[in-house]
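My entries follow in the order I made them.

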Amino acid sequence: MFERYHLELLNFLHRLLGDRHAAADLAQESFVRVLVHQQSGHAIANARALLYRTARNLVIDTHRRAGVRGHDELDAIAGHAGPPHLQPDEALASEQAVQAYLRAIEDLPPRCREAFILHVFDGMSHKQIASRMGISTSMVEKHIVRGMLACRACERSEAA
């Protein structure tokens with residue numbers, strides 16, 4: 001499982017966090033938690049889905065812990081709102097947008113989702129994806145376009 005999903009998960013987390021080292025730490029922790037869950041005798045219907053859900057939960061936990069640790073004295077920060085992206089409303093909106101995009105990608109048909117993820121998150125070319133999936137490059141292009149349209153629809157619904 002590690003070899004199959006490591007790079008994909010690492011790229012996914014890097015896009016969410018913007019920090020390659022933090023992404024690597026969370027990817028490793030995700031694999032450990034899934035492995036512990038698996039070794040405890042629980043049946044796992046979809047290991048990839050559990051891995052991504054675990055990773056997303058760890059990202060949320062990381063943001064929460066950072067928020068708790070980052071509190072200063074209220075008097076010291078009075079009058080200083082800070083950068084907009086650190087404001088609670090902006091952080092919540094950003095998290096909701098990420099979750100909406102993830103839902104849009106998860107809602108794609110399996111083969112379409114696979115081609116889209118390989119292209120966007122793993123940076124594979126259409127030809128490489130076609131070879132890996134055993135389909136034509138034309139079909140790969142159609143899958144990627146469908147994924148892009150789903151993300152754009154998500155973007156439009158978030159803006160509304």
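This is a predicted model: local features need pLDDT of at least 70, side-chain atom pairs count only at pLDDT 80 or more; totals for chains, interfaces and linings use all residues.

**Entry: faces of α2.** I listed the buried residues of α2 and found Ala23, Leu26, Ala27, Ser30, Phe31 and Val34. Viewed down the helix axis, the buried residues of α2 fall within an arc of 140 degrees, so they line one face. His21, Asp25, Gln28, Val36 and Gln39 are exposed on the other side of α2.

**Entry: ends of α2.** I then checked what flanks the helix. The N-terminal end of α2 is capped by Asp19, which places a side-chain oxygen 3.0 Å from the backbone nitrogen of His21. Just after α2 comes Gly41, with a positive phi of about 95 degrees.

**Entry: nonpolar cores.** Which residues of the largest nonpolar core touch the most other members? Among its 23 residues I found these to be Leu9, Phe12, Leu13, Leu51 and Ile105. At least two residues of this core come from each of α1 (2-17), α2 (20-39), α3, α5 (88-106) and α6 (110-120). There is also a second, separate core of 8 residues, with Leu118, Ile129, Met133 and Val140 among them. Going back to Leu51, I looked up its contacts beyond four places in sequence: Tyr5, Leu9, Ser30, Phe31 and Val34. Of these contacts of Leu51, Ser30, Phe31 and Val34 are also on my list of buried residues in α2.

**Entry: Arg56.** Is Arg56 buried or exposed? Arg56 has a relative accessibility of 5%, so I count this residue as buried. Arg56 sits in helix α3, which runs over residues 47-69. Setting aside neighbours within four places in sequence, Arg56 contacts Phe12, Gln99, Leu102 and Glu106. Phe12, one of these contacts, is already in my entry on the largest nonpolar core.

**Entry: cysteines.** How many disulfides does a search of the whole structure find? The search gave 0. Cys151 is in no disulfide, and the nearest cysteine sulfur, in Cys154, is 6.7 Å away. Because a disulfide needs the two sulfur atoms within 2.5 Å, the 6.7 Å from the sulfur of Cys154 to that of Cys151 is too far for a bond. I also looked up burial: Cys151 is buried at a relative accessible area of 14%, and Cys154 is buried at 8%.

Conventions
Residues are numbered from 1 along each chain as its sequence is written. Side-chain values use heavy atoms; hydrogens and water are left out. Buried means under 20% relative accessible area, exposed over 50%, partly exposed in between (1.4 Å probe, protein chains only). Helices (H or I, at least four residues) and strands (E, at least two) are DSSP runs, numbered from the N terminus. Contact means heavy atoms within 4.5 Å. A nonpolar core is a set of buried Ala, Val, Leu, Ile, Met, Phe, Trp, Tyr and Cys residues joined through side-chain atoms within 4.5 Å. The arc is that of the directions from the helix axis to the C-beta atoms. A polar contact is a pair of N or O atoms within 3.5 Å; within protein, one must be able to donate a hydrogen and the other to accept it, and residues adjacent in sequence count only if both atoms are side-chain atoms.
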